[in-house]
Amino acid sequence: MKERGVMPRQQRLIQLPLVGRILLYSLAGVYLVYLVGLGNFLYTWVSTRSETVIDHPVDTNPGVIISHWTAANMLNATDADQQIGNAPDLTQGSIDTSAGKAAQQQGQPPSNGNPAYPLSTVGKIFLTNASGQDMVCSGTAVASLNHNVVDTAGHCLYWNSNWVHNLIFCPLYDKGNTPYDCWAARDLEVPSDWIGARPNDLHHDFGMAIVSPNSQGDLTDVVGGAGWAYNYPVNQPFYAYGYPAAGRFDGQTRQSCDKGSSGKSWQHGGGSVVSIPCDMTGGSSGGPWFIKISGNWYLNGHNDFTSIIQPGHMFSPYYDDTWYALYDKAQHT
């Protein structure tokens, strides 16, 4: 309606007396300010909407979820290898770390003083996809306000336009043994741009599962919560862990690429990703990449996908402001 009002005024401009022209110029100035303000608002909205978090509450009782995972179902769950893309559009490129302020938080050791910390925070994820197929991923318990947040890959929670179900997290899983039992998810969260991501766009393949306390208590009180860091340079050593279940791996024990290889930055799908030398396979998706800062370990990536462009390497989305927005929503859920 404003545009229809502006055109007649412009057409009558030379016919208006001086007072009318002054009034018109004043109105035009106000309108210009309005347009600038509207433009700034739209820019801010567009800039931040990629950090919107989509929350999916789980409507299944935790006890029912846990009961689904018999020893046989766990053993027969398949790896998520088909969920790892070739990502042919990868190009090497630097990451602008000045685009976001680097931040970190120290981890939360377990209350029992488990000497395995921070590796005590690493676990195997079991899930059922929309087709009813039992599958596996990996994840990390992270320090959080609610003491029950698990960091993993977005495709372990939401894939092919469907949320997964029956998701549990089993820290320190080893050949069917779960020393502290498992925790069932009560909420699943991913960034909004993961929901609408085009095929093979994995630069924001982030996911957070919020779990319910089990008989042992809150997750990070029992196994500890890993510290985290984001917006950090990638040219530093990374230490990767997970439960690969394809190829020469059987998914029954935690594996690692822990030689401390430096990361390499890439541009992919409109964003940034990082690679390190690592031969882990499907099932390791969501497993943590740690960096060391002043002798302490911090989560700063996860196993996500492989590419024919860089054989023998694993890729992670770059942990940026979008990752933090997802994490912060999860710890308040």
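Let's start with D187, which counts as buried because its relative accessibility is 8%, under the 20% cut-off. Keep in mind that this is a predicted model. The side chain of D187 meets that of R186 in a salt bridge, 3.2 Å from N to O. R186 is partly exposed, with a relative accessible area of 28%.

How many salt bridges does the count come to? The answer is three. Side chains of opposite charge can pair when their charged atoms come close.

Take E189 and K329: their closest N and O atoms are 3.4 Å apart in a salt bridge. This pair ties together distant parts of the chain, as E189 is in strand β10 and K329 is in helix α7, 140 residues apart. E189 is buried at 0% relative accessibility, while K329 is partly exposed at 34%.

Then there's R248 with D279, whose side chains meet at 2.6 Å, N to O. Here, too, distant parts of the chain are linked: R248 is in the loop between β13 and β14, and D279 is in the loop between β16 and β17, 31 residues apart. R248 counts as exposed at 64% relative accessibility, and D279 as partly exposed at 39%.

## An open sheet

Now for some strands. Four of them make an open sheet, in the order β2-β15-β16-β19, with antiparallel pairing. At the edges sit β2 (91–92) and β19 (313–317), each pairing on one side only.

Look at β15 (residues 264–268) and β16 (residues 271–277): five bridges join these antiparallel strands.

Definitions and conventions: Residues are numbered from 1 along each chain as its sequence is written. This is a predicted model: local features need pLDDT of at least 70, side-chain atom pairs count only at pLDDT 80 or more; totals for chains, interfaces and linings use all residues. Side-chain values use heavy atoms; hydrogens and water are left out. Two strands pair if DSSP finds at least two bridges between them. Helices (H or I, at least four residues) and strands (E, at least two) are DSSP runs, numbered from the N terminus. A salt bridge is a side-chain nitrogen of Lys or Arg within 4 Å of a carboxyl oxygen of Asp or Glu. Buried means under 20% relative accessible area, exposed over 50%, partly exposed in between (1.4 Å probe, protein chains only).
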